[in-house]
Amino acid sequence: MYKRINLFVFLLLFLRTSLFASELQLTSAEKSWLNKHPVINVSNEDDWPPYDFSVDGEAKGYSVDLVKLLAKKIGIEVQFINGYSWAELLEEFDNKHIDLMQAMAGSKERREKYSFSKSYMPWRLSYFVLEGRDDIDSTKDFKGKKIAAGKAWSTTKLLKKNFPEAKIIEYKNSSAMLDALMTSKVDILIDDTNVVNYIMRENLLSGVKHAGYLDFANKEQNKLYFVAHKEDTLLTSIFTKAFESLDADEKEKLQKRWFSSIATQADMHTFTSKKLSKIDFTAQERAYLQKKKAITMCIDPKWMPYEGFDDKGKYVGISADFFKIFQQEIGIAIKVLHTQSWQESLKYAKERKCDILSLAVKTPEREKYMNFTKPYLNMPLVMATKPNVVFFNDFGVLKGKKIGIVKGYAFNEVIRKKYPNFDVVDVKNIKEGLDKVVSGELFGYIGTLPSIGYIFQKRYIGELKIAGKFDEKWRLGTAVRNDDKLLFDIFEKVVSSIPEDVRQRIIFKTIAIKYDQYMDYWLIAKVMLVALLLVAFLVYHNRKLSRMNKQLEELQNKLQEQANRDPMTNLYNRRYFHEVTTNILEIAKRENKPFSLIMVDIDNFKNINDKYGHAVGDEVIKQLSSLLSKNVRSSDIVSRFGGEEFVILLPNTDLIGAENIAAKIRESVEKFQLYIDNKTIHFTISLGVSCFLPSDDSIEDVLKRTDQALYKAKRNGKNQTVIFDQ
């Protein structure tokens, strides 16, 4: 079924466009616009794969790659703004902090408000239900059902209008919607077929079926557009022309990368034998490989389906499929050493008995002897328990519970720090951990979904289930001995060359497993009956409920804190700044208390990116964030406004006090030196300072003055602080 859907999308795209590229002919007005706007901010949603999503702050997806390709043809630089849900991105767009929205569906209301390009991609809204739900055969069955829909999506408004007798529940992103469906919090999920298919493949999930399509009278809902502000019609015109200038090969390459069909077991052998696009090894790297002749590798011998040894001692698993390709690309043998445990493999790596570890997570301890490539596997982390445990996503309720995790695994340390309420118990391997759950020695065992699912199919049938899913993922790459820089560079190139469709197909070879969807409603009914008969139990139940409510409140506070943070720097984001300054402004007016703002911008940041690359640019931003935090007081609030711009809120601080803090910050940055790849990088900042005036009606008045002071600092030669003349 999915193959037919993907083929349908593929044909629609190509039938509506020319097979041949055309020259990019821009008008003088369009060229003038580009000269004035060499860099534009583009939206990047946190979770709508495969169209538009982000991983660790890096923009990914079909639309993202398309924007990059078009920007290259146009000759401009794009900066992706992420860390926000769709609803938050729309707010940032309306506040003019974003220039171009990608992957937006059309509607009459939006067309009146924004400027639209021509459509670049068809899509189709579908509805999904759990397998076994035979009571939902068509949209007529939506009445009285709970439906998961996207928050601030234009289609959600239509759902509410067309299905008034259904309960529409809005979620911030597609993953949250799918979690709600799989844990039976809703009956129906509304989303694009490719999105649900991608998330389920990526997380190795099953148990959800495509139940039908939703077609609205407004056909614009079934198309994706680039959207700019109403006054920026030239920008959408430029992107339309750039898209129409693409040839069929360029479009097909993007399509195949993000919408490839799922390979079957029968064609996987042929598939993994194919070579990737040619990797550009340097002459020094090629000479190194010729001299090396063989690379020694250690694996986790008991971690299927990721990797292990079969009964004949053959190296098998997901990583084995990847390394079939890696070995072909490198052109020399990769020799797998037989170890008895993961702990022994780590020991071998420390002792330099093996050159690489096939799959490993970067940790401070391991970085002492290994370098790590970019991850090529991102696997969800789950908890296995006995069948009588109801599915939960609030891990705060597990205080004092004994939870097992394999000793030596990177997430052992992470789990201990993030969930101090757990009583973490080290186990030798997954089998020992699950055996102890069955025997009652442990409440649960934490591992990746594929590894637990794999062993579930061979053992523990009816004895265990997956009862909880963590937000964290296990990000696995190849570890290379850190005394061999050339070997690391080679593997970094090889791992980076794996296309998304290749990675997805290899992953899909492994098992798929369902969440627990069962709840014992008869048991709940009996408990309620007992509660009615026994007053003592009712009192106990109320007290327990009170404790759970408190724990839920703590969890909500923790989630809210995460939503207020910029993912790259962990500083507060622009949204939180505006929330907190509302109260600060009211207090300042009511109690006549001062406060000031400092606006900070990195000087010549584009030059840093151009000269050293965006990875170094990101590191500069992170280091500056750390310097800002170290040079302010605990009561001050440092926010990242986007890109290389920061704003510091100084409560109970007049202009003189703010000027002193700004001077301290500027001097510390000027003295700071960043060392990367044997290079010393210096950078400076410009700062604008202003304070609250009794005549100010909103924080925007103070921000405007601070921004003017910053602009003056930039114009006057940079690396200086300018105080706004009050």
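1. Ser596 lies across from Cys691 of strand β33, and this pairing belongs to a set of seven bridges by which β28 and β33 (residues 685–691) are joined in the antiparallel sense; strands are said to pair if DSSP finds at least two bridges between them. Helices (H or I, at least four residues) and strands (E, at least two) are DSSP runs, numbered from the N terminus. The model is a predicted one, in which local features need pLDDT of at least 70 and side-chain atom pairs count only at pLDDT 80 or more, while totals for chains, interfaces and linings use all residues. Residues are numbered from 1 along each chain as its sequence is written, and side-chain values use heavy atoms, with hydrogens and water left out.

2. Strand β28 (residues 595–602) also pairs with β30 (residues 645–651), again antiparallel and over seven bridges, and within that pairing Val600 has Phe646 as its bridge partner. Eight of the eight residues of β28 are buried, where buried means under 20% relative accessible area, exposed over 50% and partly exposed in between, with a 1.4 Å probe and protein chains only. In a regular strand the side chains alternate between the two faces of the sheet. Here both faces are covered, with Phe595, Leu597, Met599 and Asp601 on one side and Ser596, Ile598, Val600 and Ile602 on the other.

3. Helix α23 (residues 605–612) packs against helix α24 (residues 614–630) with the axes 7 Å apart and at an angle of about 135 degrees, the axes being lines fitted to C-alpha atoms over the stretch in contact and the angles running from 0 to 180 degrees between N-to-C directions. The two helices, α23 and α24, are therefore oblique to each other; angles under 35 degrees count as roughly parallel, over 145 as roughly antiparallel, 65 to 115 as roughly perpendicular and the rest as oblique. Phe605, Ile608, Asn609 and Tyr612 of α23 meet His614, Val616, Gly617, Val620 and Ile621 of α24, a contact being heavy atoms within 4.5 Å. By class, the residues of this contact are six nonpolar, three polar and no charged, with Ala, Val, Leu, Ile, Met, Phe, Trp, Tyr, Cys and Pro counted as nonpolar, Asp, Glu, Lys and Arg as charged, and the others, Gly among them, as polar.

4. Helices α12 (residues 283–292) and α18 (residues 485–496) cross at roughly 105 degrees, their axes coming within 10 Å, which makes α12 roughly perpendicular to α18. Gln284, Glu285, Tyr288 and Leu289 of α12 form the contact with Leu486, Leu487, Asp489, Ile490 and Lys493 of α18, and this contact has five nonpolar, one polar and three charged residues.

5. The largest nonpolar core has 166 residues, of which Phe239, Leu357, Leu377, Ile415 and Phe422 touch the most other members; such a core is a set of buried Ala, Val, Leu, Ile, Met, Phe, Trp, Tyr and Cys residues joined through side-chain atoms within 4.5 Å. A second, separate core of 30 residues includes Val600, Phe605, Ile661 and Phe683. Ile415 is also one of the buried residues of helix α15 (residues 410–418), together with Ala410, Phe411 and Asn412, and the buried residues of α15 pack against β22, β23, β24, β25 and β26.

6. Arg366, in the loop between β20 and β21, is buried, with a relative accessible area of 6%. Leaving aside neighbours within four places in sequence, Arg366 is in contact with Trp342, Leu346, Ala360, Val361, Phe372, Gly408, Tyr409 and Ala410.
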